[in-house]
Amino acid sequence: MCPFSNTPADKAAGDAKASALPESIVHEERAQLDFSKSMSYGDYLQLDAILTAQKPLSPAHDEMLFIVQHQTSELWMKLMLHELRAAIAHIANDELQMAFKMLARVSKIMEQLVHAWDVLATMTPPEYTAMRPYLGQSSGFQSYQYRSIEFALGNKNRAMLKPHEHRANLLAQVQAAYEAPSLYDEALRLLARRGIPVPASHTDRDWTLPYSESEAVEQAWLVVYRNPKEHWDLYQLGEELTDLEDAFRLWRFRHVTTVERVIGFKRGTGGTGGVSYLRKMLDVVLFPEIWRLRTDL
C-alpha cells in the first residue's frame with residue numbers, strides 16, 4: 001500500500017486534529033464573539049480608561065514600570081480601604097465573623113503590596129536617575145489613600161492633612177478617616193461592651209489624637225488571651241489584628257529596603273529624608289498592647 005494513501009484511520013485522525021484547532025474549540029464551546037450589542041470584558045472593567053492612564057513624562061524606558069507599580073498599588077489600596085471601612089463598621093455592630101473575613105482579606109492585599117516591591121526593585125539607580133527629574137515633587141508620601149489607611153489603622157497625624165488641602169474632595173476623605181475611631185479604637189470599645197475593663201480614656205476620647213499605649217488596655221487583652229475558650233471571638237480578633245500589623249510591617253520594611261536599593265540616602269521627591277524617614281516609620285506600632293502581652297503571658 002502506498003504510504004501516502006488516505007485510509008479511514010488517517011481521515012479520522014485528521015478530523016480529530018482539525019477539531020482540536022483553537023478556532024474549532026472556540027466554536028464548539030459556543031463562545032460569544034460578537035460584542036457590538038452587549039457589554040464586553042473591557043467595557044465592564046473600563047479598560048480603555050485604565051490602560052490609557054499611563055502617561056510617561058520622560059524618554060526613559062523604565063518610567064512605565066514606575067507608573068504601573070504605583071497605579072496598581074493604588075488600586076489595591078482602594079480595595080483595602082473598602083474592606084477596612086466595612087470591617088470597622090462590623091466590629092462596631094458586634095458582627096465579628098463578617099469583620100474577620102474582611103480583615104483576612106486586608107492582610108492578603110498587604111501581601112500583594114509587599115511582593116509588588118520585588119518588581120520595582122528591578123529598577124537600578126541609573127534607570128531611576130534618568131526619570132527622577134520628571135517627577136517634580138510628586139511622591140507616594142502624598143497618597144491620600146495610603147494616608148486614609150494609616151488613619152484607619154490608628155496612626156493619626158494632623159500634619160498629614162496638609163498635603164491634600166488643595167483638593168477639597170480628597171481632603172474630605174482623609175479628614176473623615178482622621179476624625180473617625182480607628183480599627184483598634186473600635187476593637188477596644190467592643191472589649192468594653194463585652195464587660196472586659198477598658199479605661200474610658202481609651203473608649204471615649206478625641207479620635208484625632210495619636211493612640212497612647214496603656215497598661216490597663218494590656219490587662220484587658222490579657223483577660224482574653226488567658227481565657228481563649230471563654231472569649232474565642234475576641235481572641236480571634238486579637239490575632240486578626242496581629243496578622244494585619246505583621247503584614248503592614250513587612251510592607252514598610254520592603255518599602256524602605258527598595259528605596260535604599262534604588263536611590264540610596266538621597267532625599268525623597270516629596271521632601272522627606274527618604275530612607276531616614278521610612279526607617280522611623282518602622283518603629284510605629286499600631287496595636288502595641290497586643291504585641292506586648294506576649295511577653296507577659
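Reply: Ser-58 sits in the loop that runs between helix H4 (47-51) and helix H5 (63-92); the model is a predicted one. With a relative accessible area of 10%, Ser-58 counts as buried, because the cut-off for that class is under 20%. Its side chain reaches the backbone nitrogen of Ala-60 at 3.1 Å. The side chain of Ser-58 also makes a polar contact of 2.6 Å with the side chain of Glu-63. Once neighbours within four places in sequence are set aside, Ser-58 is in contact with Glu-63, Met-131 and Tyr-134.

Now the charged pairs. The whole structure holds 16 salt bridges. One of them joins Arg-292 and Glu-213, at 2.7 Å from N to O. Arg-292 belongs to helix H14 (residues 288-296), while Glu-213 is in the loop between helix H10 (183-193) and helix H11 (215-226), 79 residues apart. Arg-292 is partly exposed at 28% relative accessibility, and Glu-213 is partly exposed at 44%.

Helix H14 also carries Arg-294, which forms a salt bridge with Glu-239; the closest N and O atoms are 2.5 Å apart. Glu-239 is in helix H12 (residues 232-263), so this pair ties together parts 55 residues apart in sequence.

Helix H12 has a further link, to helix H13 (residues 275-282), through Glu-260 and Arg-279. Their side chains meet in a salt bridge of 2.9 Å, N to O, and the pair ties together parts 19 residues apart in sequence. Shared partners also join salt bridges into one network of Glu-213, Glu-215, Glu-218 and Arg-292.

Terms used:
Residues numbered from 1 in each chain as written. Predicted model: local features only at pLDDT ≥ 70, side-chain atom pairs only at ≥ 80, totals over all residues. Heavy atoms only, no water. Helix = DSSP H or I, 4+ residues; strand = E, 2+ residues; numbered from the N terminus. Buried < 20%, exposed > 50% of the residue type's maximum accessible area, 1.4 Å probe, protein only. Polar contact = N/O pair within 3.5 Å; in protein donor to acceptor, adjacent residues only side chain to side chain. Contact = heavy atoms within 4.5 Å. Salt bridge = Lys/Arg side-chain N within 4 Å of Asp/Glu carboxyl O.
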